[in-house]
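Welcome, and please load the coordinates in your viewer. We will walk through a few selections together, one stop at a time.

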Amino acid sequence: MKRSGWRWRVISVLLTVASAANAATRPQYGGTLRVAMRASPSSLDPAEISEAIGGRNVTALIFDRLVTTGADGRVQGALAESWEISPADQRVQIRLRPNVKFHDGSPLTAEAAAASLRKGNPGWTVTPAGDLVIIEPGVSADELLQVLALPRNAIAKRDSGNNISGTGPFRVADWQAGKKLTLAANEDYWAGRPFLDQIEIEMGRSFRDQMNALESGRAQLVEVAPEQVRRLGAPRYEVLQSSPVELVALRFAGDAASVQQKNVRDALRFSLERHSMHTVLLQGAGQASASLLPLWMSGYAFVFPTEADLARARQLRDQVPGAPSLMIGYDNNDPMARLLAERIALNAKDAGLWVQLNAEGEELRLLRIPLASSNPRTALESLNRQLGLPAIAGKSQSIEDLFSAEQTALASGRVIPLFHLPLAYACAASVRDWAVAPDGSLSLVNAWLKSQQP
Amino acid sequence: MSLRRKLLAVFALTVLLTVTGVAWLIQAVTRNAFEKDENRRTAALVSQFQSEFNRQGEEVVRRVDRVAGSEALTRMAAALGGASVESAEYLELARSLAESHQLDFLEVLDWRGNIVSSAQWPAKYGYPDTAFETLAASAAQSAFLKLEEMQDSSALGLFAVRTTRSAEHPVYVAGGRRLDKEFLSALNLAPDVRVLLYQNRDQQFAADLLIDPSSSSTLERAGPAEKLAPLVQAVRRSDREMSAIVNWSSAEEDQEVFHAIPLRGVAKDRPLLGILLVGHSRRSYVELKHRIRDAALLAGGGGIVLAVLLGSWAAARVTRPVEELAAAAQEVAVGRWGTRVEVRGHDEVAQLAASFNQMTTELLAQKERLVQTERVAAWRELARRLAHELKNPLFPLQLTVENLMRARNQTPEQFDEVFRESSQTLLAEIANLKGIIARFSEFSKMPAPQLQAVDVNEVLGGVAQLFQAQFKVPGKAAVECRLELDGKIQRIAADPELLHRALSNLVLNALDAMPSGGTLTLRSRRENQKVVVEVADTGSGLTPEECERIFTPYYTSKQHGTGLGLAIVQSVISDHQGRINVRSEPGKGSTFVIELPENGGALGGERSPRDKTVPVRG
């Protein structure tokens with residue numbers, strides 16, 4: 001008996017230890033996740049919110065799209081259970097997922113979905129038919145599905161009182177526009193209740209503030225400047241970064257009005273030391289690029305040369321009489337933008353161009369533009385639209401046509417691509433199962449908080 | 001101006017001049033003393049600033065020394081060797097070192113002068129520092145001034161350069177502190193001293209190049225920075241230290257003394273990088289000056305008031321006896337011989353008063369004697385005249401009585417006839433005696449005038465009318481009567497009957513003086529608030545002696561006059577508070593001039609001057 005009792009005690013202890021170890025890796029319900037972000041949107045409406053990554057992260061938590069884009073660029077169903085493309089490629093019938101409810105308790109209907117899509121796309125013909133939503137967008141069906149996967153086409157229910165309701169994993173509990181958003185778990189979420197009870201999002205915080213908040217424990221999940229990722233490296237934080245999904249580029253306000261102006265722009269383009277900036281200022285984050293789409297997306301970005309050609313730049317500048325000067329604008333809240341602008345001014349000076357810094361300047365502006373989609377064509381379309389470039393001709397998705405379209409866009413002289421940067425996030429070790437989506441947005445549907453108990 | 005006022009004015013003026021002079025003297029001495037003190041203070045403040053500035057420079061050197069000796073720099077110097085300076089690893093190095101060592105500027109340069117890391121211009125990595133030659137020459141030296149160029153601005157800094165050598169080539173560390181508001185505020189200076197820095201970047205003075213730690217309050221409140229422009233420009237031109245007083249407003253208290261010190265760089269041409277302005281307020285000096293002025297004004301004003309009061313008192317004390325003497329003299333002048341003044345003390349004024357009293361006493365005695373003499377003379381004259389008047393009728397009486405007695409004794413038969421003739425003669429002479437006695441009686445009974453408003457011209461006309469018949473008496477030479485009357489003269493207070501009588505006497509005298517005819521002129525006019533009446537004839541005229549005595553009672557120049565006519569006239573005129581005199585030369589006629597007061601005050605029962613009494617302090 002004595003021997004048997006000892007064995008049972010050992011087995012009991014082993015079972016307890018095994019159970020505890022298992023509990024540490026098994027998702028747990030409950031807890032509040034505190035997030036900090038730079039963006040400070042004034043609205044939560046997906047049709048109004050910008051395509052900046054901060055807006056995407058917020059809308060992805062509250063609203064669902066009919067379809068989403070996978071890491072491979074292919075469309076996956078979300079609120080759409082299935083879809084059918086008409087033979088003439090002019091019309092798409094989408095069957096909605098059943099038993100989906102908005103946060104206000106009302107069911108997702110074809111009428112509500114159609115109204116939401118019409119709000120974001122006034123040019124489309126969207127018709128509800130039973131549990132079907134019929135869309136006639138005037139573009140190819142494949143392209144339509146990519147567009148439906150964009151955050152701005154998330155399904156939202158708007159009432160006359162300016163209240164907005166989604167079907168996403170979290171509902172709005174408290175909203176202080178541009179400052180703080182508190183989300184509570186959607187108990188009736190069609191994909192299952194999220195593990196987190198609440199998410200508190202502090203908005204309008206700089207990278208430095210976010211890092212301080214993370215280090216002091218006031219935030220558990222923050223954005224990280226790409227150039228800081230290499231330095232972060234502390235084992236207590238988990239750092240994830242996306243593929244380079246943000247274009248850093250110089251955009252001129254309009255087309256070159258004269259040959260001299262075009263020469264000045266080209267002189268500036270040739271004077272830029274992208275690799276030096278990438279190596280030193282960006283600390284090697286992302287890629288130096290002279291193309292609009294990143295290499296991983298297009299596969300042809302290397303064709304556009306990124307090396308500086310100071311001799312060529314000076315030659316072009318010498319063809320311009322007088323002392324050409326430019327005013328470069330940048331995001332005053334982005335220290336890296338300021339550094340890049342200063343370096344660009346120094347490079348330009350080497351070529352004989354006088355570039356002054358003015359944060360509010362619009363004549364020449366340093367921009368950071370997130371790629372809207374992992375689909376190359378959709379992403380290029382979105383970039384062209386945001387940069388004020390002409391839309392892409394034709395409906396082809398072929399690489400050759402994309403290359404041609406990008407060449408045309410760059411030949412306009414209105415944009416000088418500089419880099420493609422990834423989006424990076426750092427998270428406290430207590431946050432588990434969070435992910436970064438292919439478009440660089442956060443995925444917190446399955447995130448959970450590890451218990452702090454020993 | 002009275003003597004008292006003159007004395008008072010002299011006192012006040014004397015005190016005013018004295019107080020003003022003393023105040024000016026005090027102010028001049030104070031100003032002089034303060035200016036000396038201010039110069040000493042300015043020199044001390046400048047010296048204090050320079051030592052403080054040097055101390056800050058030494059602090060910069062210490063910090064740069066520490067940076068140069070830091071492990072990070074040593075590692076970096078070893079790692080660099082001769083490799084490319086474009087390393088991501090060093091981008092933030094200068095900034096973090098600058099932060100940890102509290103430096104505003106920090107650049108790490110390789111041995112070629114290329115920027116490896118820059119705190120103030122991080123994007124300039126890999127570019128050469130244009131001032132490398134100067135920096136390299138300044139290594140291991142004390143702190144120096146340098147104008148640091150940045151992306152879109154430049155700033156003045158206090159720099160030090162040190163080297164770190166861990167490999168073949170040295171690494172230069174150029175660090176410094178920006179000469180900005182914080183730097184200037186950190187200087188340990190006296191409370192009322194402030195330091196401003198003008199950055200000498202443009203040829204023209206620009207207010208935004210002036211760094212003032214107190215710009216948010218003092219300078220903006222005090223006034224625009226342009227007021228410092230003249231001093232800055234003067235220092236630029238003269239290239240030496242200068243001082244100036246700046247008036248921030250019209251108020252003198254806002255004045256500030258600035259001492260300008262040119263700040264030069266260490267480059268070969270020693271460029272003028274900035275001008276340091278050490279200022280301190282003159283408020284305390286001005287306030288003290290104002291306090292002295294106010295005190296002087298108060299003391300001066302008080303002194304003047306006191307002097308006026310004391311002067312008034314003293315002048316009163318000095319002048320009162322003199323004024324009493326003057327008043328007494330006036331009393332004496334109007335005939336009050338018995339006036340006396342009080343004699344106080346034993347000074348000259350008292351002696352004068354005593355002499356005055358003695359004089360009046362003597363005058364009174366002399367007057368008494370004169371009156372007695374005159375009275376005696378008058379009695380004698382009266383007796384003589386009376387004897388003369390009585391003697392004339394008495395002699396016929398005596399002869400008549402003796403004739404009667406002789407007729408009774410010698411020719412009784414003729415006695416009745418003689419008695420009858422003698423009786424007539426006796427009665428005639430007795431009547432003559434009665435007439436003489438009646439005239440004397442009339443003179444003694446001169447009535448007091450009954451005053452009423454009288455038109456003098458009317459009285460003159462009445463007199464002329466009365467004597468109209470006598471001007472042209474048959475068998476006698478005619479007398480022409482002329483009336484030259486001023487119609488604008490006012491009525492006067494007079495007794496018309498007495499006035500008529502007096503004027504009639506004068507006309508009678510005139511007629512007596514012109515037995516061969518002539519012209520009688522009756523005039524009236526207004527002169528000096530008096531009504532003047534003239535009775536002029538073209539008769540035989542009077543000698544000067546007769547003119548002097550003509551109004552004396554019982555004096556007459558006529559054969560059968562009593563000598564009372566003009567005395568009566570003078571008495572009447574005197575009772576009317578007037579005066580009468582005569583202008584005459586023998587053979588050229590006589591003019592009697594009567595002056596009567598114009599106002600009718602006598603109607604109100606004004607007292608005669610003889611009734612007046614002069615108050616004399618006894």
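## Where the chains meet

Begin with chain B and chain A shown together: across their interface, zero salt bridges turn up. Keep in mind that this is a predicted model. What does the interface hold in the way of polar contacts between chain B and chain A? Seven residue pairs are in polar contact there, with both residues of each pair at pLDDT 80 or more.

Now select the residues in contact: 19 residues come from chain A and 14 residues from chain B. The two chains bury about 1400 Å² between them, and 53% of that lies on carbon and sulfur atoms.

Next, pick A:Arg343 and B:Tyr125. The charged end of A:Arg343 sits over the ring of B:Tyr125, at 3.7 Å from the ring centre.

## Rings to visit

Over all chains, a search of the whole structure gives twelve aromatic pairs. For one of them, select B:Phe105 and B:Phe159, which are stacked with 5.1 Å from centre to centre and 15 degrees between the planes. Colour the strands to see that this pair links distant parts of the chain: B:Phe105 belongs to strand β1 (residues 105-109) of chain B and B:Phe159 to strand β4 (residues 154-164) of chain B, 54 residues apart. Are B:Phe105 and B:Phe159 buried or exposed? Both are buried.

For the last stop, move to chain A and select A:Tyr300, A:Phe304 and A:Phe403, which ring pairs link into a cluster.

How values were computed:
Residues numbered from 1 in each chain as written. Chains lettered and ligands numbered in written order. Predicted model: local features only at pLDDT ≥ 70, side-chain atom pairs only at ≥ 80, totals over all residues. Heavy atoms only, no water. Phe/Tyr/Trp six-rings, centres within 6.5 Å; stacked < 30°, edge-to-face > 60°. Helix = DSSP H or I, 4+ residues; strand = E, 2+ residues; numbered from the N terminus. Buried < 20%, exposed > 50% of the residue type's maximum accessible area, 1.4 Å probe, protein only. Lys NZ or Arg CZ within 6 Å of the ring centre and 35° of its normal. Contact = heavy atoms within 4.5 Å. Buried area = accessible area lost by both parts, 1.4 Å probe. Salt bridge = Lys/Arg side-chain N within 4 Å of Asp/Glu carboxyl O. Polar contact = N/O pair within 3.5 Å; in protein donor to acceptor, adjacent residues only side chain to side chain.
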